[in-house]
Number of protein chains: 2
Amino acid sequence: MALSRDTMVIAGPAVPPRRRARTLWPLPALERALIARMLRSLGDVPITAVLPDGEEIGPRGIVPVARVVFRDARAVFGLAGLVPELRFGDAYAEGRIEVEGDLVAFLEAVFAAPAPRGPYTAVADWWRSLRRGRNSLRRARAHIAHHYDLGNDFYARWLDREMVYTCAYFPHPEATLEEAQQAKMAHVARKLRLRPGEQVIEAGCGWGALALYLARHHGVRVRAFNISREQIAWARERAQAEGLAGQVEFVEDDYRNVVGSCDAFVSVGMLEHVGPEHYGDLRRVIDRVLSPDGRGLLHFIGRNRPMCFSAFAERRIFPGAHAPALSEVMTILEPADLSVLDVENLRLHYARTLEHWLERFERAGDMVRSRYGERFLRMWRLYLSGSIAGFRTGNLQLFQILFARGRSNRVPWTRADLYAAA
Amino acid sequence: MALSRDTMVIAGPAVPPRRRARTLWPLPALERALIARMLRSLGDVPITAVLPDGEEIGPRGIVPVARVVFRDARAVFGLAGLVPELRFGDAYAEGRIEVEGDLVAFLEAVFAAPAPRGPYTAVADWWRSLRRGRNSLRRARAHIAHHYDLGNDFYARWLDREMVYTCAYFPHPEATLEEAQQAKMAHVARKLRLRPGEQVIEAGCGWGALALYLARHHGVRVRAFNISREQIAWARERAQAEGLAGQVEFVEDDYRNVVGSCDAFVSVGMLEHVGPEHYGDLRRVIDRVLSPDGRGLLHFIGRNRPMCFSAFAERRIFPGAHAPALSEVMTILEPADLSVLDVENLRLHYARTLEHWLERFERAGDMVRSRYGERFLRMWRLYLSGSIAGFRTGNLQLFQILFARGRSNRVPWTRADLYAAA
């Protein structure tokens with residue numbers, strides 16, 4: 001449903017046409033052709049583009065959700081390359097692109113447009129997956145530090161009070177972020193059907209909220225792994241302060257080095273950092289540690305089909321990250337005869353979670369700018385806004401997969417207990 | 001954990017050893033070696049085998065759950081071939097093998113034994129998938145007739161009163177079969193979040209119980225497809241008798257010929273008959289008919305990993321059938337950007353359903369024998385018993401997958417509504 005050429009109109013040049021007519025330099029014409037082609041390829045999106053010379057183009061007869069202003073030619077031509085998302089993101093961060101109006105609505109309009117996947121996309125994906133490389137032990141540490149070691153007080157400004165940096169579970173959409181993060185931990189715990197005294201292994205524990213929650217509310221022992229130094233330090237302090245250090249051990253180590261055994265294996269928001277090249281490693285870890293009647297839960301950002309993570313997010317925000325489709329996740333579970341008991345898709349809950357985060361993040365804008373600079377502020381605004389748009393438009397999914405060993409019959413009879421009044 | 005050679009004992013030969021000592025014919029020795037090897041490869045199974053000459057072998061110091069009696073050499077040597085399950089099944093059906101004791105417990109013990117999958121199994125699976133071939137329109141009709149056109153009054157003797165021939169949903173394990181089949185239809189309807197006046201397409205409708213249930217209780221219109229002549233005839237009569245013929249149309253046609261459009265696409269117990277070679281066909285049908293905010297539900301017997309269906313079941317009971325792993329099912333959904341909302345594994349419910357069916361089937365044994373003969377009776381006893389054992393041991397799964405189009409935001413906020421008191 002591409003726009004035909006004549007639906008593209010010059011909505012009103014800010015620069016007098018006379019100046020345009022006099023120049024021999026073909027740049028404005030090239031810019032106009034490129035942006036018009038891009039808007040057409042996106043279909044009937046309600047977006048107006050403003051070129052560097054002030055010319056405005058966009059679909060006829062539609063009120064735009066946003067005006068995207070290109071301040072220089074580089075911002076325009078970056079969109080013609082192999083990684084347009086990355087070029088757009090960089091230009092936006094550097095202020096060479098401005099989005100006037102609702103940034104989230106703008107990104108939603110772009111993501112919702114039909115994106116034909118042809119040989120070009122396949123080549124780009126192939127190139128990007130090569131470039132992404134493998135998350136070796138050393139690279140994984142660098143990747144995680146890049147994001148999670150930005151400073152605990154930075155995250156404290158816009159996460160909930162327990163510092164849960166993963167999708168919340170809103171029993172109803174109007175729940176507060178604090179309520180929803182508690183409800184998420186309760187939901188995960190109920191799915192795992194924990195019994196007091198059981199041993200839990202958590203791979204990728206963030207600031208430790210879930211590990212401490214499980215110990216406090218379910219009487220289990222937890223060994224929680226993480227390679228972010230800052231997060232582990234914070235988590236250990238909390239465990240001490242809350243008198244749970246005897247029950248919860250925070251280990252600064254990679255998931256691949258997890259040993260021991262457990263009744264429940266849980267990983268919330270870590271699979272995205274593993275990378276498909278290492279799904280076999282994760283499988284071997286789970287297969288090694290899970291008891292015969294153990295349960296496992298993977299909670300992760302996923303896709304409806306295999307494709308690369310957004311180039312902007314993977315290069316600037318979460319280096320080495322990959323959001324897998326269910327078919328990819330099955331390569332973790334199936335060879336080990338791990339049996340899927342329950343899959344739940346909570347993508348709209350992540351959109352809601354991110355709305356809360358973005359709102360708090362913007363309120364902390366002055367602090368972020370003074371500490372990390374304007375470029376960082378804009379980059380992270382784009383990351384949070386783009387994530388909201390991704391979950392709202394179905395470009396991103398949030399899957400919770402509950403599994404058990406194939407031979408275990410200690411599996412729940414129904415799921416009614418998950419929804420029984422507390 | 002194979003038994004060592006010396007744990008295999010001659011528990012007590014029924015034939016005096018003297019006769020054995022006199023014969024030069026090596027058959028008994030070969031038989032003994034083969035069966036001893038088989039028992040060892042199964043691990044420490046609590047089974048005693050009785051050879052044609054009366055010799056009894058089995059593991060030391062374990063009370064056997066059953067004695068399996070081989071009446072002739074062919075019954076023994078069939079187990080050494082490429083399709084031991086099929087040879088065992090045929091020999092059992094023909095009475096050349098007898099299982100004394102609990103048949104289900106015997107099969108459970110065999111299925112629960114560690115089954116190493118090596119190159120031999122891979123070759124056997126490859127050969128069998130070649131042999132199975134594609135379910136063309138014509139072959140599909142023959143395959144379905146083989147099973148479902150055996151006679152409606154035969155099935156009426158051992159199914160519930162609404163003739164639902166798929167896994168029931170037991171709110172609690174002690175529910176009756178009748179209650180559980182009603183609860184299953186209610187569960188499926190709730191998952192689909194049907195609204196009055198909506199259009200439902202059902203692919204593979206059996207005797208029509210679900211289509212009629214949805215029309216009666218949810219006020220929807222249903223077009224239900226099936227290629228079993230006998231089932232369609234019965235379903236049409238029911239629709240007439242219950243005054244629902246204006247709301248429910250039963251179409252005697254293949255799923256590949258489904259046209260039109262629908263708000264809900266549902267298929268309960270048909271995917272097993274499609275075969276992976278035709279998953280693309282099924283995807284194109286769903287993609288063609290499902291409305292932008294439509295929901296889909298696939299309910300099917302599955303596996304924890306890709307492998308062939310039991311040779312006995314596929315050759316004697318359900319020709320052309322294949323129970324897919326989730327990774328295989330994703331090849332239906334992912335290329336069409338169909339988004340998985342919910343997966344539920346109900347395998348223990350199918351074991352319970354089959355227990356009810358087997359009990360009723362045995363009560364109808366005289367009728368079955370007089371009409372179809374002893375061989376048929378034994379073959380079906382083995383099929384129902386083997387299915388119970390398969391679901392109990394986790395060799396078989398029962399998946400319900402709920403999905404929607406990737407772009408649709410009319411998806412349920414949580415699953416709490418599925419479990420709200422009626």
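## Two chains, one axis

Modeller: Chain B can be laid on chain A with an RMSD of 0.0 Å, by least squares on the C-alpha atoms of residues with pLDDT of at least 70 in both. This is a predicted model in which local features need pLDDT of at least 70, side-chain atom pairs count only at pLDDT 80 or more, and totals for chains, interfaces and linings use all residues. Residues are numbered from 1 along each chain, with chains lettered from A and ligands numbered from 1 in the order written.

Biologist: Chain B is laid on chain A by a turn of how many degrees?

Modeller: The shift along the axis is 0.0 Å, and the turn is 180 degrees. The two copies are thus related as by a two-fold rotation axis. The turn asked for is 180 degrees.

Biologist: What percentage of the interface residues of chain B are also interface residues in chain A?

Modeller: The copies meet through the same surface, because the shared part of the chain B interface residues is 100%.

Biologist: Thanks! Now the domains: which element gives the most to the side of domain 1 of chain A that touches domain 2 of chain A?

Modeller: An automatic or database assignment gives domain 1 (5–112) and domain 2 (137–419) in chain A. Their contact (C-beta atoms, placed from the backbone, within 7 Å) takes 14 residues from domain 1 of chain A and 17 from domain 2 of chain A. With six residues, the top contributor is α5(A).

How values were computed: Two residues are in contact if their C-beta atoms, placed from the backbone, lie within 7 Å. Helices (H or I, at least four residues) and strands (E, at least two) are DSSP runs, numbered from the N terminus.
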